[in-house]
Amino acid sequence: METADLIVIGSGQGGVPLAADFARAGKKVVLFERDALGGSCINYGCTPSKAFLAAAHAAGRARQAAKLGIHAQVEVDFSAVMERVRGIRSQFNQGTQQRLESAGVKVVCAEATFTGERTVSGGGVTVQAPIIVINTGTSSTIPDIPGLAGTPYLTNRNFFDVQQIPSRLLVVGGGYIALELGQGMARLGSQTELIVRGDRLLAQEESEVSAVLLDAFKQDGIGVHLKTTVKQVDYTNGVFTLTLSNGAALDGDALLIATGRKPNTAALNSAVAGVELDAQGFVKIDDHFQTTSPGIYAIGDVAKQPAFTHVAWEDYRRLNAILCGEQRTRSDRVLGYAVYTEPQVGRVGMTLEQAQRQGISAREVTLPMAHIARSIEWGHDLGFYSMVIDTQTNLILGATLVGYEAAELVHVFLSLMEAKATWQLLEQSVHIHPTYGEALPSLARLLIGEDMPTCPNM
């Protein structure tokens, strides 16, 4: 049996930099990875999906330029699109491998299992260390639908290996993976149908967000079937047939399942190490990422942290600081995130409903995109900006932006909230005209009933 200073299980966006930091500091580090290095982000999450959407949204914007008087004939070379996606994925994957090698991390390409107190085995290697970090992430939840098992359905895990565009794509799910990949395929040329169990898209967001996205999807020609479930899947001669709860049937050449995520903890044998899981299989941790077993920590979405790469990376920074004796916790930073549909959704902090549930005296203001000069000029008038503030302290509590490049603009609010700034600071800011960002101070001015300054002598 080997000994090490640190064992990392999983090579996601939190585990890799932590392992590299320890190794560069002269510590012996062993990292176990059962799949491709880089975790979900690099291999079947952020990296390939955003490269894929770069092409899809370029095609979609070209078609929608008709309302500007520009009529384009869009031709999609799908094989070239996917070759580029896989090339970028490979480049990032190789970068992860080089990073670990140059830092001196020992990588064991095998599934890891706890075999004793702070002891991990895999691939014929057994290692014991005083510190172990679980960073195994999540994977697709596959619903128990009759006829689904054994068919060549897609998940985000194998989606980017598709070689030819399906003429008809069926998507089961209404979350961000289903919406991003479904809209992307539609914009590249697939006739896409979404089957959503709930009564709206992105059910975890505000209903106003769902309404905008539903409108956008209809403009893209996407069929959306709300409050609908799949009762039966049949696959014959390369065609999927879904029997729906409303009695209808849909045919498609490909089927994408995006109905949720489950933690990758089944193979860990965590009970042997005294690491407790919750009812869903996520690793239980305290505010300092400590599991129920001393010396064993968990970061990222396997520990039920928000499932975003930047959260996992920040978990690494927090845990690294904690292990160095600093006072950090798992929730000591403002959280923002985005959905890369078009229009994009940028979110940070609390919604009005969430604030009110906490007993906060809150107020919300909203500015439609159709009232913003840049939106009108560029033809991006679908969406809105909203901000929630605490009426007692004037602090900004949260923001929801739905519109063109909203994922970029939401960082303005994230930084203001991290600095504990009041909405008056935003209201006093002079943003450049004509920009989308110019509308953010205008949004704040709604709190004083001032859309635009006027001269009292006019």
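# Briefing: cores, helix packing and salt bridges

Ser-386 is buried, at 2% relative accessibility. Here buried means under 20% relative accessible area, exposed over 50% and partly exposed in between (1.4 Å probe, protein chains only). This is a predicted model, in which local features need pLDDT of at least 70 and side-chain atom pairs count only at pLDDT 80 or more, while totals for chains, interfaces and linings use all residues. Residues are numbered from 1 along each chain as its sequence is written, and side-chain values use heavy atoms, with hydrogens and water left out.

**Around Ser-386**

- Ser-386 sits in strand β22, residues 384-390. Helices (H or I, at least four residues) and strands (E, at least two) are DSSP runs, numbered from the N terminus.
- Ser-386 and Ala-399 are 13 residues apart along the chain, and their C-alpha atoms are separated by 5.6 Å.
- Contact means heavy atoms within 4.5 Å. Leaving aside neighbours within four places in sequence, Ser-386 has contacts that include Glu-364, Val-365, Thr-366, Ala-399 and Leu-443.

**Nonpolar cores**

- A nonpolar core is a set of buried Ala, Val, Leu, Ile, Met, Phe, Trp, Tyr and Cys residues joined through side-chain atoms within 4.5 Å.
- In soluble globular proteins, nonpolar side chains tend to be buried together.
- The largest nonpolar core here holds 46 residues, and Phe-114 and Ile-134 have the most contacts inside it.
- Elements that each supply at least two residues of this core include β2 (6-9), α1 (15-24), α4 (78-103), β8 (131-134) and α7 (309-323).
- Helix α1 gives the largest share of this core, six residues.
- Leaving aside neighbours within four places in sequence, Phe-114 touches residues including Ile-9, Val-120, Ile-132, Ile-134, Leu-268 and Ile-296.
- A second, separate core has 38 residues, among them Phe-78, Val-85, Leu-181 and Ala-258.

- The buried residues include Gly-15, Leu-18, Phe-22 and Ala-23.
- They pack against β2, β3, α4, β8 and α7.
- The axes of α1 and α4 come within 8 Å and cross at roughly 20°. Axes are lines fitted to C-alpha atoms, for helices over the stretch in contact, and angles run from 0 to 180 degrees between N-to-C directions.
- α1 and α4 are therefore roughly parallel to each other. Angles under 35 degrees count as roughly parallel, over 145 as roughly antiparallel, 65 to 115 as roughly perpendicular and the rest as oblique.
- On the α1 side, the residues that meet α4 include Val-16, Ala-20 and Arg-24; on the α4 side, they include Thr-96, Arg-99 and Leu-100.
- Just after α1, Gly-26 takes a positive phi of about 90°.

**Salt bridges**

- A salt bridge is a side-chain nitrogen of Lys or Arg within 4 Å of a carboxyl oxygen of Asp or Glu. The count by this rule is 23.
- Arg-24 bridges to Asp-21, with the closest N and O atoms 2.8 Å apart. Both lie in α1, three residues apart, about one turn of the helix.
- Asp-21 is partly exposed, at 22% relative accessible area.
- Arg-61 and Glu-405 form a salt bridge at 3.9 Å, N to O. This pair links distant parts of the chain, 344 residues apart: Arg-61 is in helix α3 (residues 46-64), Glu-405 in the loop between β23 (396-403) and α10 (406-418).
- Arg-61 is partly exposed at 30% relative accessibility. Glu-405 is partly exposed at 27%.
- Asp-315 and Arg-318 meet in a salt bridge at 3.1 Å, N to O. Both residues are buried.
- Salt bridges with shared partners join Glu-314, Asp-315, Arg-317, Arg-318, Arg-328 and Asp-332 into one network.

**Backbone exceptions**

- Most residues other than glycine have a negative phi, and most peptide bonds are trans.
- The bond from Glu-342 to Pro-343 is cis, with omega near 5°. Pro-343 lies in the loop between β19 (336-339) and β20 (344-349).
- The bond from His-433 to Pro-434 is also cis, with omega near -5°.
- Lys-304 has a positive phi of about 65° although it is not a glycine. Lys-304 is partly exposed, at 45%.
- Lys-420 also has a positive phi, near 55°. Lys-420 is exposed, with a relative accessible area of 64%.
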